[in-house]
Amino acid sequence: MQARNTAETYGAVGKALHWATALLILTLVPLGLVAVEWPYDTSEALATKAWLFSLHKTLGVAVFFLALGRIGWALSQPRPAPLHPERRLETALAEGVHTLLYVSLVAVPASGWIHHAAVTGFAPIWWPFGQTLPFVPQSNAVADAAGSVHALFTKLLIATLALHVAGALKHHLVDRDATLRRMLPGTRLAVPAPARARRRHAFATAAGAIALYAAAGAGAVALIPENGERATAHAQAASLAAAADAPAAWRVEDGELTFTVAQMGSPVTGRFEGWSAAIAFDEAPDETGAHGEVEVIVPISGMTVGAVTEQARGPDFFHAEAHPTARYAGRIERAEDGSGYVARGVLALAGAEVPVDLPFALDLDGGVAAAEGRVVVDRRAFGMGETYPDEATVGFSVTIDVSLQATRIGAGADGV
């Protein structure tokens, strides 16, 4: 069989790309639905859920590159002419559905990949690349947007695929023509119209399909609800600021609070957003040796950790319903070796209060400060993950990283 297309039929390469794509899509759609619905109430169930998501993501990346290759090949080839060129409306609809399928095959896996890269969390991709993407920031906002777009684009793909299959079956069972058969090996047909007739409105059709996806994506992002609890956290920060009675107060301008835990042997990173901090700090210690105080309020609703966010917020771990906020409060002292500072305080989390010392490096430049700290805690000290008594699924050690930039504002402290 010839490799290239002709005006009569598709070549071997085009057919192979078509059926490979069809096989992957018909695998990925149910696989994704099963992975979403799979329970995670035991360590074994969670391990299976992670495996299902990893397989889904890995095959999704394969579809992305296969789709790019298929589009490139299609652009370089003539396309067989329609068998019924006199049916102009039917032909135009078929062209539109075909173009929507091409756009779907790129947009759906791309949006899912962006979501994964924005959180670098649960269920890694098995390719030796792709855990992060160069232009995708680590951001819950980006992840939320990409997740919403991916869900909507998947629905568009399913609808378009259904139309494509319905059209093929109509040609095969009702019209009894060779539209479907010429995608199979060993079929050559007479051409009722010049192949170039099919390309007359190709650019308009492609532009329409892309515009539809752009509008749908914008709508999905616009419908993401505002997190009212984050606004409440900012209000709490303002209250903390007013209550702080320190001669040198600092306002956090930017910052990041993350945690990393081993999941089935691989590190998974979660993030908190909407947290607020009231900081009072002086380079000169007071009579007790303290350099100041810090209080941090963290809304658990602002925590995400990939596809297991809801489980992490549940009773087995953060128990957000019963304990909607975490709080860390402590005094700031000079590290014993003089290399930096340490906040010595208590972390109230998931109904437990545990002493935690957070060492951090501080870079002061006039009225601007940059701090970075790290501490390792044991999840069992907070009663987390009691149904996971070993580290086969979820590790005991949790690494908490904090980085922030702050400016001196004088009396009172502010948080963002």
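**Exercise 1.** State whether Phe-259 and Phe-272 are buried or exposed.

Solution. Phe-259 is buried, as is Phe-272, where buried means under 20% relative accessible area, exposed over 50% and partly exposed in between (1.4 Å probe, protein chains only). The model is predicted: local features need pLDDT of at least 70, side-chain atom pairs count only at pLDDT 80 or more, and totals for chains, interfaces and linings use all residues. Residues are numbered from 1 along each chain as its sequence is written, and side-chain values use heavy atoms, with hydrogens and water left out.

**Exercise 2.** Classify the ring pair of Trp-127 and Phe-129.

Solution. Rings of Phe, Tyr and Trp (its six-membered ring) pair if their centres lie within 6.5 Å; planes under 30 degrees apart are stacked, over 60 edge-to-face and the rest tilted. The whole structure holds 13 aromatic pairs. In one of them, the centres of Trp-127 and Phe-129 are 6.3 Å apart and the planes stand at 20 degrees, so this pair is stacked. Trp-127 is partly exposed at 36% relative accessible area, and Phe-129 is partly exposed at 38%.

**Exercise 3.** Classify the pair of Phe-259 and Phe-272, and locate both residues in the strands.

Solution. Their ring centres are 5.4 Å apart with planes at 45 degrees, so the pair is tilted. Phe-259 belongs to strand β1 (residues 249-263) and Phe-272 to strand β2 (residues 266-272), so the pair ties together parts 13 residues apart in sequence. Strands (E, at least two residues) are DSSP runs, numbered from the N terminus.

**Exercise 4.** Name the residues that ring pairs link into a cluster with Trp-113.

Solution. The cluster links Trp-113 with Phe-64, Phe-65, Trp-127 and Phe-129.

Note on methods:
Helices (H or I, at least four residues) and strands (E, at least two) are DSSP runs, numbered from the N terminus.
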